[in-house]
Protein chains: 2
Amino acid sequence: MDEKDLRILKTIASERINSPERIHEHTGIPKSTVHYRIEQLREKGVILNDLYEMDLSKVGLSIVLISEVYAEYEEDYHESVGERIGEIEGVNQVYFTMGDTDFIVIAHVTDRRMVEDLVESYESIDEIRRTSSKFVITTVKNESHPINDFEHETLVEAILEE
Amino acid sequence: MDEKDLRILKTIASERINSPERIHEHTGIPKSTVHYRIEQLREKGVILNDLYEMDLSKVGLSIVLISEVYAEYEEDYHESVGERIGEIEGVNQVYFTMGDTDFIVIAHVTDRRMVEDLVESYESIDEIRRTSSKFVITTVKNESHPINDFEHETLVEAILEE
DNA sequence: ATTGAAACTTGATCGTT
DNA sequence: AACGATCAAGTTTCAAT
């Protein structure tokens with residue numbers, strides 16, 4: 001992969017774009033070249049589907065880390081703490097959970113060094129007390145769409161009532 | 001929302017489609033009607049972006065549950081156990097982690113009843129010993145693309161080397 | 001709110017370099 | 001491999017119901 005592929009991937013990621021035309025607009029790379037490059041990226045398994053989702057392991061983000069991040073209880077600070085966590089490089093998902101006040105954070109990184117940076121970044125936030133992380137060996141499933149679930153009776157009722 | 005919206009949403013979810021033409025092919029609903037309905041769904045905030053991702057809370061899946069599922073250690077059983085977890089209604093993400101052999105599972109459901117069903121389903125799998133769940137209060141961030149990260153030096157190097 | 005047909009925009013292909 | 005020109009396919013608009 002070269003610098004041109006990188007520009008295309010960057011555009012897909014940052015603009016959430018999935019069309020050759022838009023990529024062309026953003027990068028200035030001619031439509032037909034974009035088309036050609038996208039095909040190559042597809043063959044390499046970097047771009048996975050029509051939604052231009054990418055295999056993060058194929059762009060160097062091979063380590064997946066799931067962390068529990070415990071925060072000091074402070075009225076209304078949770079959203080802002082959560083957002084600060086979300087801004088850290090590599091962090092893709094941040095959930096604020098009930099009960100013991102804490103965040104569950106999923107991040108994708110390149111190497112051990114970035115893992116250390118990540119944990120350090122979490123702990124450098126004032127309100128954060130403690131973190132505990134697990135490495136993912138395999139991502140068995142990762143779907144953002146509720147496939148199959150639309151057959152569920154309760155769900156169908158809920159939708160129709162809206 | 002009515003039965004026609006439901007058919008459109010079902011098609012988007014199960015076929016991972018993001019084009020009016022394809023939805024038309026799958027449902028038989030005329031192109032221009034699909035177009036009109038999609039606009040409405042967009043205004044209602046159900047469909048979020050050009051990738052036709054949907055706000056799960058707007059389709060009745062308002063409860064997010066993150067569970068740790070501990071499995072009996074058995075050689076090579078992990079993938080199959082993981083896949084069985086992934087097939088359970090409501091489950092969107094399944095990660096198999098290092099160390100203490102267990103799965104981290106993220107699910108979206110409609111109500112308390114479905115939460116119970118979910119936990120019961122996990123525990124009905126032979127190899128599974130114990131589960132522990134947390135409710136999500138707010139999803140602070142949920143991105144499948146590595147936005148911003150493409151600025152990271154280590155990552156850029158990793159990509160260019162491929 | 002729905003639709004068929006028209007107008008327009010974009011995506012895919014192809015031939016040349 | 002890159003790309004401008006061409007053609008096929010898709011998306012969006014519009015007027016009628």
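1. Chain A can be superposed on chain B with an RMSD of 0.1 Å, by a turn of 180° and a shift of 0.0 Å along the axis. The two copies are thus related as by a two-fold rotation axis. Within chain A, A:Leu51 has the C-alpha nearest this axis, at 3.2 Å from it. The model under discussion is a predicted one.

2. Of the interface residues of chain A, 100% are also interface residues in chain B, so the copies meet through the same surface.

3. A barrel is closed by 8 strands with antiparallel pairing. Their order is S1(A)-S3(A)-S2(A)-S4(B)-S1(B)-S3(B)-S2(B)-S4(A). From one strand to the next, the twist averages 35°.

4. Within chain B, strand S1 (residues 63-71) runs antiparallel to strand S4 (residues 128-142), and 7 bridges join them. As an example of the pairing, B:Val69 has B:Thr131 in S4(B) as its bridge partner.

5. Two helices of chain B deserve attention for their packing on the sheet. Helix H4 (residues 77-86) touches strand S4 (128-142) of chain A, together with S1, strand S2 (91-97), strand S3 (102-109) and S4 of chain B. The direction of H4 makes about 160° with that of S2(B). Helix H5 (residues 112-123) of chain B also packs on the sheet, where it touches S1, S2, S3 and S4 of chain B. The direction of H5 makes about 135° with that of S4(B).

Conventions:
Residues are numbered from 1 along each chain as its sequence is written. Chains are lettered from A and ligands numbered from 1 in the order in which they are written. This is a predicted model: local features need pLDDT of at least 70, side-chain atom pairs count only at pLDDT 80 or more; totals for chains, interfaces and linings use all residues. Side-chain values use heavy atoms; hydrogens and water are left out. Copies are superposed by least squares on the C-alpha atoms of residues with pLDDT of at least 70 in both. Contact means heavy atoms within 4.5 Å. Two strands pair if DSSP finds at least two bridges between them. Helices (H or I, at least four residues) and strands (E, at least two) are DSSP runs, numbered from the N terminus. Axes are lines fitted to C-alpha atoms, for helices over the stretch in contact, and angles run from 0 to 180 degrees between N-to-C directions.
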